[in-house]
Each structure stands twice: as structure tokens, then as C-alpha cells.
Amino acid sequence: MRAVSRLGQSLLAPALAVVIALVISAAVMLAIGVDPFRALEVMVDFGDTPSQQVTAIVVVLNRAVPLFLAGLAVAIAFRMGLFNIGVEGQYRMATVLSAGAGAAISLPAPLHILVIVVVAMLVGAVWAGIVAVLKVTRGVSEVISSIMLNFIALGLASFLLTGPLRGSEPGASIITTKEIPESGWFPSLNGVLGALGLANPPRQLYGFLLVAVVVGVLVAVLLQRTRFGFDLRATGLSASAASASGVDAKRMVITTMLLSGAVAGLIGLPDLLGSNHTYGTEFTSGLGFLGIAVALLGRNNPVGIAVAALLFAFLDRAAVPLQIAGIPSSVVTIIQGTIVLAVVVANEVSRRIARRQAESGVAVAPPATGDGSTGGGQGPDGGPPPDGPTGTGPALTNASGAAGRTSPTGSTS
Amino acid sequence: MKLAALALAGSLALAACASDETGSGGSGSGASGGSEDGPKIGLAYDTGGRGDKSFNDSAYAGVEAAIEADGGSVQELSPNSDASNRADLLTQLADQGFNPIIAVGFAYGDVIGEVAQQYPDVSFAIVDSTGVDVADNVTGLLFAANEGSFLGGVAAATKSETGHIGFVGGVETPLIQSFEAGYVAGARAVNPDIIIDRQYISPAGDFSGFNDPARGQVVAQGMFDAGADIVYAAAGGSGIGVFQAAAASNGRAIGVDSDQYETVGDPALQPVIMTSVLKRVDNAVEAYIGQFVDGTVEGGSDEVYDLASEGVGLSYSGGFIDDIQSTIDDYTQQIVDGEITVPETPTD
């Protein structure tokens, strides 16, 4: 009975979110004179020829890989109640420096790629580590410091690109680093597509897809099946309780941020190793922010994040055919935006339902806390988030929230 | 607090999603205009899309003029917010049978070669980037933006009463730096002691500077507050913010690419737009489509539009610089005759 209700609760919020988002989006489309069903039809149409269809799938997968890694990086921190907005800066620094390192060295293929990956993860971890150190030593909110570090990363990456790491000809419109030699390119998976009997598309399917899957599995195991993961989730649910049971909160903050940053460092690599082979002024930016939305939608659960990344990538691809069909591509933006907002709303609704059930005595024990993947700690327990070990105010409200009487979440924020 | 975090995340994600698209809503009428038998023109915009009242709109104006002359239809596409799908735009246009396909903006330089090689029967053009050594079916439409900006600098220095002018660049890329170089050289040719504030909205690699009027306004306001009375906005869609700052400080501004006096669409801002440094993307695009219709398009080469071919120049709308036209013409002649060589990269 409880297991069923737990499962229901964990599925309720995302399902509600998607339904709400679809309804709102359809209403908006009607308001601007677009037939929602026609829009949907265009979005799921992957083209006429097998080659076009496979290309569309490749485009979606290639877009989903960095989104998945971004969501994962955000989620690791989220699970312990840390809001890492700095993923954007972490992956930018990681990409520019690993591109520079990759171009500067020459090694046999697997080793070359490995070095680039390790450099990217290290840089990402160091950049995120600054946030962690500031938090545990000076009590600086990670939200503030990571946003600030995004701007510093932007400027620093630009300096590195236009200065020491510049590889493009002077006067070229697009500034790039030196190209990584071919031994540092990640092989594409187009051979696999061929083996599956699919048409060989003109686009390369990123081999980094496999790395992303492995990282996803590792993170899932780490969070769900290890002592460290338990400590991390426990701290996320209640910092004071975790620290009372012997978890070293400061160490947890540092380890978690290093881990989150290391994964963030991978975000730029699918593009870097799979197609661009340089970091340049045209390198895709903004993935770190999209990662926050993806993590929210995926409820900070690796499988959920994978689904969310695929959904966002699918919507993104749809923007082009929509325009060709004469439908404003803003439809995609509207859907993406409403999904994110709906997740917030749905989490709140499911939390209230859970509390009402608890108050009416359906559950004997305190209300089920879900599987920990509670949309950024927006758990059904009604408590506001633990704000890390250094926050004193939130710790007080946390105590009153845990008593389950009042609902300060909405008003105290 | 947690709710605040979620809401913050939501708004950030929204902001990340929604940074472009201003124009695509208004223009999304799909394949529009003209007859069925003319060319099916594909037009892929730079970030900012239609409605930037500048660069992209100018390209569209050229297509419109070509359709009026030769018939045909146009399909416009805007990239997604992080412009990661540029190759996709071109591929899809080619797949849908559009020919010729015009990519607006040097940013397509990265991807156009690869796509063009996959569609050897389609003619591609790229604005602001070269077609040489890219593919046999790519034509580059290049502009001597530094020469036009030189005249902008001449006008600013001649008209400035404080001996202090400004330059707001959108993104610190080599392309916009050539605007800066020309502007500075022009202003110093008139008044070697002039003070020129130069600032870019975003650094290389961050393209938000072309589409961020709020930051454009802040940067320009700083210049006006410091004593500048004329500021040149080479910043695409961010230029509106520069005009607003000029209007708020009784200063004046110089527009870019299009005749922004005509396109700004706000009567309150018109009086501050002293002139615009025209980059006749419309002429270039129209001429290219004309060549395509005549079958005389040459791929793998560049068409250069400069002062001599009237591909760049100043606008006189509003009549604010009519009185100094002889000075402008004088400098124009010197550049055309080669007596003045306008630099392409900024000094000091």
C-alpha cells in the first residue's frame, strides 16, 4: 500500500507537469492562431526519407547528450540541497582549457582523448570547488558565488580564447583555439547505425553518447547504492539530522561540488570531441542553465534526467520544421518554459496532497519522503530546504516545518 | 526558500530559452509572397532573427525586393536561442528544395562549407564571410564595414560639441572590431585630439551582446554621463538601448546596417539617430538573387561591397547631417581614390 502510494507520488508530479504544460501551450497556440494538433503533427514528423529520419534522430541524440550531462551535474548538487547555478561557467572553463590542452599535445588516440576528458573534469571540479570552499570557510551562499563565477568564467574564457589559446588566423571572423589533432577526436557511432540497418546520415552521431550513459550509471549507483550517496541524500533532506548522525557537512559540501563540477566539465566535450574539434566564439553556450531545467524536470534522478534531456532535445529540433510549416518556433520556447514552470507547480501540489494524506492519518509514519528525488528537495515532508550547514535562519524554519503544522515554504521565501 | 530556488531556476531556464525569437513570431508566415515559378529562396538568420531592425531585416528587405523583381518565394528560419542548430537550418532548407539559400551572418561560416558540399546542386550565399576555399557553390557577400564606419567617425567628430564621442560594439569579434577601427580612424582624421570611449557589450564567445538592449543602454549611458555627446551603436539589436540612452541624455547616436531612422519605429527615438552607417546587405542579397535568376552566380568566390560600389555609406534621413555632406563626400572620394586606407583592426 505504501509502496504503491510512494510510486504514485513520485510519478504524479512530472505527469501533472507535462499535462499542465501541454494544456497551457495549447491554449497559447490557440490564442496566437496556431492549431495545436497541426503543431504536434509537425513536431513528430521526422522527414520522408530514411536518411532524413535517421538524421533527425541523430540531431536529437546529439543535442540530448550535453543536456543530459548538464542536468546530471546540476542534480548531483541539488540532491544535497546545493544549488549549483555555476555549471555554465564550469563547463565553459573546462571546454576552453581542455581544447587548448588537447591541441597542445599529441598522443595515441585513446590516451589523447582520456587526457582531454581528465583535464575537462579537473577544470570543472576546480571551478566548482571555489564555490564549495567559499561556502564552507566563509559561509558564502553557493547561489551567489556560482552566479558570480559564471561571469568571471565568461571573461576568462574569452581572454584565453583571444589571447594565449588563439589558434585561428588573425582577422578570421570566428576566433577558435587550435584544432585538436585527429587522435583526439572521439569516434562517431555511425558505424553502429549502419550495423543496425539504418541509413547512414550525413551527420555524425556523437560517440560521447556512450560516455554519457556510463557517467549516468555511475552517478546513479553512487547516489543510490553507496554510503557517500546516502550521506549526500540525507544531508539534502535534512542537514541538521544528517550532521547529528555524524555526517561531516563541510566535507560533504566540498566533495559534492567537486563531483558536480567534474561532471559539468564534460558538458562541452560531445561537441568538442565529436564535431567542432576547437573551442571558439561559436561554441554552444547556455547549456548550464538549460541543465537546471532538465534536472528539475527529471526530478534529479538520472533516468528522469535522461528522459528530460531527450524531451528538450526533441523540442529543440522541432523548432526548425515548425518554422518551415509557418508556425512560429516560439511555440517550442513556450512549451519548454511552461514545462519548467509546471514542474514547480506540480511539485507543490503533490507535496500538499502528501501532507493532507498524512494529516488525515492514511499513513501512520511521517509522510513518505519519496525516493529522495524530490525536485530539488521540494519534498512532500513540507519542510523548507536545508540551506547547508551554515544557514541559521533556514535551520529554524526547518525545525518548525518538520513539525508538519505550518507551511512556511510559500511565504518565507 | 526552496520554492524560491525552484522559481529562480525556472526563470533562469526561461531566460536561457527565450533570448531570441523576438522576430520569428511576427515573421512566421512561412513561405510567403511572390509567385510559384520564381526561385524558392531560403533565408537563414543570425541570432536576433527578424525584427532586429538592423542586419537581419536588411537581408529580408533585399529578398523582398528581389521577389518583387523576379518573382519567387521565401522561407525564413531563425536559429534556436543558443544557435546550436545553424547547420540544421541550412540542411532543412536544402532538403525542402530551397535554392538559393542565403545565410545571414559570419557565424554560419563554421558550418556552411560542410552543408554546401552535401548539396552540390544548391547555391549558397553567406553574408559577412568568405566563400573562397569553402565550397564551389558558396558565394561570400562581404562588406567594407570599416570604410562606412570611417564616415560615421567623420560625422561624429564633425558634429560633436564636446570633443568626446563613444563607440558601443555588440560583441568583441573581429568583424565588429573593423567597425571600431574605421570609426576611430575617421574621427581622428577630423580631430586628432578627440576622446573616444570604446566598449563592447559582451566578450568574444558570448553573442548576447547583439541582442541585449538593456545592457546596450547601460553601456551607452555611462559614455553620455562621462561627457560623450555622440555614440555609435555597432551592436545589432542592442542598438535600441543606445538610442534610448541618447534620448535620455539629450545626446545623439549613430545607427548601423539599416537606415535606423526609418526602421526604429519609435518617433521618440528618431530625433536622436543622427545618421546610420549603412551596410547595404539588402543590395547585396538582391543582386545575388538576381545573378542566381540569370544563372550567373559564381560559387567559391566573394562579392565585395565597399564605398566605391556604394555597398556601404551613410544615411541622410532626418536631415541632421545634410550640412556636412560636402565633408563626407570629400572623405568618401579620398577613400575611393585610395588616398586614405582605412584600417581593419583597432589600434591602441
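# Briefing on a two-chain model

In chain B, B:Ile165 has B:Ile230 of strand β8(B) as its bridge partner. That pair is a handy way into this structure, which is a predicted model. Chain A is built with 17 helices and zero strands, while chain B has twelve helices and twelve strands. The points below go through chain B sheet by sheet, then its domains and a helix pair, and end with chain A.

**The mixed sheet of chain B**

- An open sheet of six strands runs in the order β7-β6-β8-β9-β10-β12 in chain B, and its pairing is mixed.
- At its edges stand β7 (195–202) and β12 (312–314) of chain B, and each of them pairs on one side only.
- From one strand to the next, the twist averages 15°.
- Inside this order, strand β6 (residues 164–171) of chain B and strand β8 (residues 230–234) of chain B run parallel and are joined by five bridges.
- Helix α9 (residues 239–248) of chain B packs on the sheet, where it touches β6, β8, β9 (252–257) and β10 (273–279) of chain B.
- The direction of helix α9 of chain B makes about 165° with that of β9(B).

**The parallel sheet of chain B**

- A further open sheet of chain B has six strands in the order β2-β1-β3-β4-β5-β11, and here the pairing is parallel.
- Strand β1 (residues 40–44) of chain B pairs with β3(B) in the parallel sense over three bridges, and B:Leu43 has B:Ile102 as its bridge partner in β3(B).
- On to the next pair: β3(B) and strand β4 (residues 124–127) of chain B also run in the parallel sense, over four bridges.
- B:Ile102 has B:Ala125 as its bridge partner in β4(B), and B:Ile102 is the bridge partner of B:Leu43 too.
- Which way do the residues of strand β3 (residues 101–104) of chain B point? B:Ile101 and B:Ala103 point one way and B:Ile102 and B:Val104 the other way, and all are buried.
- Strand β5 (residues 138–143) of chain B is joined to β11(B) by five bridges, and the two run parallel.
- In that pairing, B:Leu141 stands opposite B:Glu303 of β11(B).

**Domains of chain B**

- The domain assignment divides chain B into domain 1 (2–143 + 282–305) and domain 2 (145–279 + 316–336).
- Where the two touch, 14 residues come from domain 1 of chain B and 17 residues from domain 2 of chain B.
- Helix α3 (residues 55–70) of chain B gives the largest share of the domain 1 side of that contact, with three residues.
- The side of domain 1 of chain B that touches domain 2 of chain B has four nonpolar, five polar and five charged residues.

**A helix pair in chain B**

- The axes of α3(B) and helix α11 (residues 281–294) of chain B come within 7 Å and cross at roughly 35°.
- This crossing of α3(B) and α11(B) is right-handed.
- Residues of α3(B) in the contact include B:Phe55, B:Ala59, B:Gly62, B:Val63 and B:Ala66, and among those they meet in α11(B) are B:Val281, B:Val285, B:Ile289 and B:Val293.
- By class, the contact of α3(B) with α11(B) has eleven nonpolar, four polar and three charged residues.

**A helix pair in chain A**

- Helix α4 (residues 87–104) of chain A and helix α5 (residues 109–138) of chain A have axes that come within 8 Å and cross at roughly 145°.
- Is the crossing of α4(A) and α5(A) left-handed or right-handed? α4(A) passes α5(A) in a right-handed crossing.
- On the α4(A) side, the contact includes A:Tyr91, A:Met93, A:Ala94, A:Leu97 and A:Ala101, and on the α5(A) side it includes A:Val115, A:Ile116, A:Val119, A:Val123 and A:Trp127.
- The contact of α4(A) with α5(A) has twelve nonpolar, six polar and no charged residues.

**Burial and contact range**

- In chain A, 56% of the 413 residues count as buried, and in chain B buried residues make up 61% of the 348 residues.
- Of the contacts in chain A between residues at least 6 apart in sequence, 73% join residues at least 24 apart.
- For chain B, 71% of the contacts between residues at least 6 apart in sequence join residues at least 24 apart.

Key
Residues are numbered from 1 along each chain as its sequence is written. Chains are lettered from A and ligands numbered from 1 in the order in which they are written. This is a predicted model: local features need pLDDT of at least 70, side-chain atom pairs count only at pLDDT 80 or more; totals for chains, interfaces and linings use all residues. Two strands pair if DSSP finds at least two bridges between them. Axes are lines fitted to C-alpha atoms, for helices over the stretch in contact, and angles run from 0 to 180 degrees between N-to-C directions. Two residues are in contact if their C-beta atoms, placed from the backbone, lie within 7 Å. A crossing is left-handed if the near helix is turned anticlockwise from the far one by less than a right angle, and right-handed if clockwise. Ala, Val, Leu, Ile, Met, Phe, Trp, Tyr, Cys and Pro count as nonpolar, Asp, Glu, Lys and Arg as charged, and the others, Gly among them, as polar. Domain bounds come from an automatic or database domain assignment. A residue is buried if 20 or more other C-beta atoms lie within 10 Å of its own, exposed if 12 or fewer, and partly exposed in between; C-beta atoms are placed from the backbone.
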